[in-house]
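Work through these exercises with the model open beside you. Try each task before reading its solution.

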Amino acid sequence: MEIEDPRILPEPLAYAEPPASPPSAPSARLAELPLTDASVLTSPAMLTVEGLNLFYGSKQALFDVDLKVAKNTVMSFIGPSGCGKSTLLRCLNRMNDLIDGVRIEGKVSIGDSNIYEPGVDVISLRKRTGMVFQKSNPFPKSIYENVAYGLRIQGVRDRGILDEAVETSLQSAGLWDEVKDRLKESALGMSGGQQQRLCIARALAVDPEVLLMDEPCSALDPIATSRIEELIFELKKKFTIVIVTHNMQQAARVSDFTAFFWLGKLIESGLTEKMFTNPRERTTEDYITGRFG
Ligand SMILES: Nc1ncnc2c1ncn2[C@@H]1O[C@H](COP(=O)(O)OP(=O)(O)O)[C@@H](O)[C@H]1O
Ligand SMILES: [Mg+2]
């Protein structure tokens with residue numbers, strides 16, 4: 001008998017619309033999953049991408065992408081180099097606006113607001129989405145000033161507010177205990193893994209809702225990488241996270257949902273465990289089993 005698996009979700013949406021009443025008990029199998037629990041299935045959409053096409057000049061880099069990322073979940077973008085992962089990530093906070101010759105069609109919403117609507121305040125939009133890059137990029141300033149940077153730009157001068165934001169953000173980034181006695185020292189003296197967590201703290205300090213991470217561990221050693229992965233698991237309680245990774249084990253470990261891209265197209269998206277054990281598309285299977293990439 002064919003039992004419908006509640007985790008097999010309607011495509012191309014990556015999650016189920018919240019049902020009228022919450023499901024009573026998660027299925028036994030779902031409860032066993034290490035990182036994903038049933039709540040992700042009923043979580044409302046934080047990010048919604050609809051019919052997104054992106055052109056760099058005459059070259060199309062994204063084709064008709066539809067995707068949803070549920071609130072307080074982690075989604076990984078995977079796929080071979082050049083398939084458009086970073087491009088799509090940058091669309092989520094309009095970072096591609098900064099690139100000449102980019103044309104974008106379609107819609108991206110954070111919560112209910114379409115961020116590509118004319119007249120959108122891009123500055124306040126970017127406050128809602130923190131971004132962390134592959135190469136940690138601390139400023140040549142003190143640890144404290146790195147974290148306080150975004151608030152200072154917003155004009156915050158109150159020392160008490162800054163102190164508290166710096167401490168809370170460093171706590172959230174799992175760095176406070178390591179640096180609380182040397183906040184005035186240069187951030188450039190930290191290890192690579194600490195610098196990356198500092199960049200996460202800096203992103204968190206302005207209190208975003210979404211955290212976008214583009215291969216945040218690819219320059220880190222395995223220990224620093226696992227610290228970031230543990231952190232991601234903690235952070236999703238407060239934030240919605242999208243992470244680009246070329247490391248499929250990492251995607252499997254940290255993300256509730258995975259989206260697989262190939263040649264600018266979203267091939268499929270859904271619960272990570274399903275994607276890695278029973279993908280819908282042949283192309284996905286070929287990629288995750290290492291037949292190309
Ligand atoms: N600034 C840019 N100008 C022109 N083409 C770009 C630019 N950035 C990326 N591309 C092209 O868009 C495609 C997708 O790139 P990217 O999003 O960086 O892929 P990924 O992150 O998956 O490796 C590639 O063909 C790449 O060469
Ligand atoms: Mg990239």
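**Exercise 1.** Find the residue just after α5 that takes a positive phi, and give the angle.

*Solution.* Work in this predicted model. Go to the end of α5, which spans residues 143–153. Just past this helix sits Gly-155. Its phi is positive, about 95 degrees.

**Exercise 2.** List the buried residues of α5, then name helices that cover them.

*Solution.* Step one: count neighbours. A residue is buried if 20 or more other C-beta atoms lie within 10 Å of its own. In α5, Ile-143, Asn-146, Val-147, Ala-148, Gly-150 and Leu-151 are buried. Step two: look at the cover. It includes α6 (159–172), α7 (176–179) and α8.

**Exercise 3.** Describe how α5 and α8 pack.

*Solution.* Two packed helices are described by the angle between their axes and the distance between the axes. For α5 and α8 (residues 192–204), the angle is about 35 degrees and the axes lie 6 Å apart. The crossing of α5 past α8 is right-handed. From α5, Ile-143, Asn-146, Val-147, Tyr-149 and Gly-150 make the contact. Their partners in α8 are Leu-198, Ala-201 and Arg-202. Sort these contact residues: five are nonpolar, two polar and one charged.

**Exercise 4.** Which helix gives the most residues to the shell around ligand 1?

*Solution.* First, collect the shell. Tyr-56, Ala-61, Gly-79, Ser-81, Gly-82, Cys-83, Gly-84, Lys-85, Ser-86, Thr-87 and Ile-99 surround ligand 1. Helix α3 (residues 85–91) gives the most, with three residues. Last, sort the shell by type: four nonpolar, six polar and one charged.

Methods: Residues numbered from 1 in each chain as written. Chains lettered and ligands numbered in written order. Predicted model: local features only at pLDDT ≥ 70, side-chain atom pairs only at ≥ 80, totals over all residues. Axes fitted to C-alpha atoms, helices over the stretch in contact; angles between N-to-C directions. Helix = DSSP H or I, 4+ residues; strand = E, 2+ residues; numbered from the N terminus. Left-handed = near helix turned anticlockwise from the far one by under 90°. Contact = placed C-beta atoms within 7 Å. Nonpolar A, V, L, I, M, F, W, Y, C, P; charged D, E, K, R; others polar. Near = placed C-beta within 6 Å. Buried ≥ 20, exposed ≤ 12 C-beta atoms within 10 Å, placed from the backbone.
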